[in-house]
Amino acid sequence: MSESSKNQPITQNFVTVGLDTSVLEVVIKISRTQKKICYDQDSAQNEETPKNIKDFSSSCALVIANNRLVGLITERDIVKLSAQQLPIEKMIAAEVMTRDLITFSHKKLGNIIDLIDIFKKHHIRHLPILN
């Protein structure tokens, strides 16, 4: 990943799962992508400073069927399921995913303000951008 691509708001690295993937497996896949910071404790000012930050993290999983995006599962969805004390180890992605997705066309990319407006209008935190 180039230095300039690290600062871009759009990622091209995704967690993808199938319709029949267990929700527990979705949790595991998402958690494996979370940023891990290794601290260098020998810094000059004796403070902990980040030494190595992983380039990729995700807070959602794209649900794919027949090479098409059919749903989305976010960390918030999983937290809500856990708060309801539902047995996520017995549930599958198709049962809990958001189906009516708001998406954006890659061809229309250009102005970040347009994207921000979509996030605000629909009260969403994830916006799949499709080719």
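Strands E4 and E5 form a hairpin with 2 residues between them, and Asn66 in the turn has a positive phi of about 50°. Helices (H or I, at least four residues) and strands (E, at least two) are DSSP runs, numbered from the N terminus, while residues are numbered from 1 along each chain as its sequence is written. This is a predicted model, in which local features need pLDDT of at least 70, side-chain atom pairs count only at pLDDT 80 or more, and totals for chains, interfaces and linings use all residues; side-chain values use heavy atoms, with hydrogens and water left out.

**The sheet**
- E4 and E5 pair in the antiparallel sense over 6 bridges (two strands pair if DSSP finds at least two bridges between them).
- Across this pairing, Leu62 stands opposite Leu72 in E5.
- E1 is joined to strand E4 (residues 60-65) by 3 bridges, and these two run parallel.
- Here Val17 stands opposite Val63 in E4.
- Together the strands make an open sheet of 3 strands in the order E1-E4-E5, with mixed pairing.
- Strand E1 (16-18) and strand E5 (68-74) stand at the edges with a single partner strand each, so one side of each is left without a neighbour in the sheet.
- On average, neighbouring strands of this sheet are turned by 35° against each other, direction ignored.

**The helix pair**
- Helix H2 (residues 23-31) packs with helix H3 (residues 75-83) at an angle of about 130°, their axes 11 Å apart (axes are lines fitted to C-alpha atoms, for helices over the stretch in contact, and angles run from 0 to 180 degrees between N-to-C directions).
- That makes H2 oblique to H3, because angles under 35 degrees count as roughly parallel, over 145 as roughly antiparallel, 65 to 115 as roughly perpendicular and the rest as oblique.
- Val23, Val26, Val27 and Ile30 in H2 meet Glu75, Ile78 and Leu81 in H3 (contact means heavy atoms within 4.5 Å).

**Confidence**
- The chain averages a pLDDT of 79, and 74% of the residues score at least 70 (pLDDT is the predictor's confidence in each residue, from 0 to 100).
- Among the elements of the chain, helix H4 (residues 93-96) has the highest mean pLDDT (96) and helix H1 (residues 3-6) the lowest (42).
- Over residues 37-52 pLDDT stays under 50, and the model has 19 contacts beyond four places in sequence for them.
- Where pLDDT is low, the predicted coordinates should not be read in detail.
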